[in-house]
Amino acid sequence: MNCCPSEKQCVLGFDEFGFAVFRRHCDRWKQQHRSHEYSYPSGSTFKIELWQEMLRNWNETDGSCTNKVHSILVSGVPTALRGQLWKCLLGSERVKESSIHTYQDYVQELRSQLSTLGVNEYGVQMAVSTLDGADKARAGMAGGTRNLAPARQPEVKIETLRQIVLDVERSFPTHCSLMGRSPEAKEGQAKLFRILSAYAEYNPQIGYCQGMSYIAAMLLMNMQEQDAFWALVVLLEKPKYLAGFYEHSLDTIQRHAKIFQQLLKHRMPCLWQHMENLKVAPLLFITTWFLTLFTSLPCWDTVLAIWDLIILYGINTIFSTGLCILQLLEPRLLAMSDVSHLLPTLLRIPVDVSRYSILVPALWMTKVHKWELDCMQSVVLEEEEEEMMSSGRHSIQSSTMQKATNVDKKNAPNLKDDAGKRSSRSSASTGRGRQETLKNTLTKMLKIARCYLQDLGQLPKDLATSPSQDRSPSARGHPKYHGSKGEARRVNSRRGRTERTSL
């Protein structure tokens with residue numbers, strides 16, 4: 001991205017997180033959706049020393065360190081220590097030490113590949129057409145096979161490099177480390193390109209997927225290049241975080257979006273019905289939220305606070321964050337009667353809702369338990385199975401009707417009456433099937449909730465042994481249990497597809 005003179009005149013400076021502050025009413029000011037009025041708590045000297053002592057004595061095998069983070073995280077993380085905290089929580093140093101290859105190995109292999117193309121990581125932006133030509137040339141050579149020595153890492157596909165180049169230019173284009181053609185920006189863009197390309201080399205099965213660039217750039221803003229790479233590896237490989245999240249099919253993100261859609265339906269029925277009335281498909285905005293993982297929020301101090309929770313607690317945080325945002329927006333969304341106003345509000349969260357002082361305290365009060373997500377996942381699977389069954393029934397009925405049309409015309413009246421009877425019976429059967437599905441889903445939800453609470457030793461014995469009392473407050477997730485510790489045990493009913501798609 002080139003920074004023209006008029007654009008430079010629009011930039012008044014950069015805020016404390018490195019984002020450009022534009023002069024009011026210039027084109028860039030109108031286009032951007034970012035606030036520079038931060039409201040995160042300023043750490044006292046005592047709190048900073050407390051964080052420093054904890055990080056100095058960090059022990060990954062000692063759970064008390066994580067518990068201590070939970071107890072002091074509410075007061076905010078000192079900006080200068082955030083990168084070190086993330087490294088400790090992720091355990092990325094251990095992953096780096098156990099790896100066969102170093103980050104420098106991947107970078108050296110990348111540079112060797114770029115050298116054969118006549119470019120380097122600092123000039124890739126100017127060589128997209130060169131990469132396109134090289135990709136087409138390789139595609140025509142022996143089916144794209146490579147003559148590589150066994151000791152070398154597999155080369156990154158040229159089309160992947162091209163996509164990374166394009167996304168580097170789109171990732172936080174108003175941040176000082178990525179904006180324009182200054183020496184700092186060129187180095188920042190090269191670092192981001194190296195990290196993403198190195199990961200594509202590290203895990204060729206995934207390679208690169210759109211959305212990764214935002215996460216990698218955010219990591220780079222808080223830690224050194226090598227540390228950011230290994231942090232990205234942990235985030236994308238560990239099941240607790242984003243394993244399987246960034247796939248070219250986007251199946252995992254879409255599945256998570258459907259689970260959140262069910263959570264919205266059960267937690268906020270009024271808003272759900274309002275969206276239904278306006279023909280707004282929640283997947284339209286939920287998928288965007290999950291793809292960028294809230295890095296597009298206008299208040300950067302809030303983005304970092306959300307990511308503190310994601311790295312501490314894992315992927316479940318994205319569900320509580322999405323639910324919290326909708327709860328804060330619900331009054332104004334219900335007042336909107338036009339989809340042209342409602343959808344843009346959800347795709348570009350207003351600044352007043354995104355402020356640290358508003359969103360983060362509300363997020364700490366928003367609880368979404370693992371057993372709830374297991375229940376919503378069961379609902380999603382039930383609906384998918386029902387759709388498959390309905391599709392099968394429809395195909396059979398279509399085939400039957402097609403055969404009926406080939407019968408002698410004189411039997412047509414009788415066939416019509418028979419078809420009407422069959423349709424009536426089918427409708428009644430479908431209605432009973434839906435009721436049965438709902439009943440089975442509710443039963444499954446209550447069983448999962450009961451098992452979860454039993455594991456915590458907080459479910460009264462009479463409820464644990466009496467399945468008939470399914471409507472008890474404890475089985476529904478009574479507020480008394482919202483502060484529960486531990487995780488639910490794996491329920492026997494979650495087999496087959498449920499286990500394969502578990503969160």
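Lys87 is partly exposed in this predicted model, with a relative accessible area of 23%. Its side chain forms a salt bridge with Asp227, the closest N and O atoms being 3.5 Å apart. Lys87 belongs to helix α5 and Asp227 to helix α12, so the pair ties together parts that are 140 residues apart in sequence. Asp227 counts as buried, at 16% relative accessibility. The mean pLDDT of the protein is 79, and 69% of the residues reach 70 or more.

**Salt bridges**

- The count of salt bridges comes to 15.
- Side chains of opposite charge can pair when their charged atoms come close.
- Arg170 and Asp167 form a salt bridge with an N to O distance of 2.8 Å.
- Both Arg170 and Asp167 lie in helix α9, three residues apart, which is about one turn of the helix.
- An α-helix has 3.6 residues a turn, so residues three or four places apart point the same way.
- Arg170 is partly exposed at 46% relative accessibility, whereas Asp167 is buried with a relative accessible area of 4%.
- Lys258 and Glu384 meet through their side chains in another salt bridge, at 3.7 Å from N to O.
- Lys258 is in helix α13 (residues 251–267) and Glu384 is in helix α21 (residues 370–405), so this pair ties together parts that are 126 residues apart in sequence.
- Lys258 counts as partly exposed, with 34% relative accessibility.

**Nonpolar cores**

- The largest nonpolar core has 120 residues.
- Within this core, the residues with the most contacts are Leu242, Phe290, Trp307 and Leu326.
- Helix α16 supplies the largest share of the core, ten residues.
- A second, separate core has six residues, among them Cys10, Ala20, Phe22 and Met179.
- In soluble globular proteins, nonpolar side chains tend to be buried together.
- Leaving aside neighbours within four places in sequence, Leu326 is in contact with Phe260, Leu264, Met268, Leu271, Met275, Phe285, Trp289, Leu333 and Leu346.

**Helix α11 and what covers it**

- Helix α11 spans residues 212–220 and is mostly covered, with eight of its nine residues buried.
- The buried residues are Met212, Ser213, Ile215, Ala216, Ala217, Met218, Leu219 and Leu220.
- Six helices are included in the cover over these buried residues: α5 (82–90), α9 (158–170), α10 (183–202), α12 (225–237), α15 (283–292) and α16 (300–313).

- Thr302 is found in helix α16 and is buried, with a relative accessible area of 0%.
- Not counting residues up to four places away in sequence, Thr302 touches Leu297, Ser354, Arg355, Tyr356, Leu359 and Val360.
- Thr321 is found in helix α17 (residues 316–334).
- Thr321 is buried as well, and its relative accessible area is 0%.
- The contacts of Thr321, leaving aside neighbours within four places in sequence, are Phe294, Ile306 and Leu363.

**Strand pair**

- Strand β1 (residues 11–14) pairs with strand β2 (residues 20–22) in the antiparallel sense, over three bridges.
- Gly13 stands opposite Val21 in β2.
- The hairpin of β1 and β2 has five residues between the strands, and Gly18 in this hairpin takes a positive phi near 95 degrees.
- Two residues of β2, Ala20 and Phe22, are among the members of the second core.

Key: Residues numbered from 1 in each chain as written. Predicted model: local features only at pLDDT ≥ 70, side-chain atom pairs only at ≥ 80, totals over all residues. Heavy atoms only, no water. Buried < 20%, exposed > 50% of the residue type's maximum accessible area, 1.4 Å probe, protein only. Helix = DSSP H or I, 4+ residues; strand = E, 2+ residues; numbered from the N terminus. Contact = heavy atoms within 4.5 Å. Core = buried A, V, L, I, M, F, W, Y, C linked by side-chain atoms within 4.5 Å. Salt bridge = Lys/Arg side-chain N within 4 Å of Asp/Glu carboxyl O. Pairing = 2+ DSSP bridges. pLDDT = per-residue confidence, 0-100.
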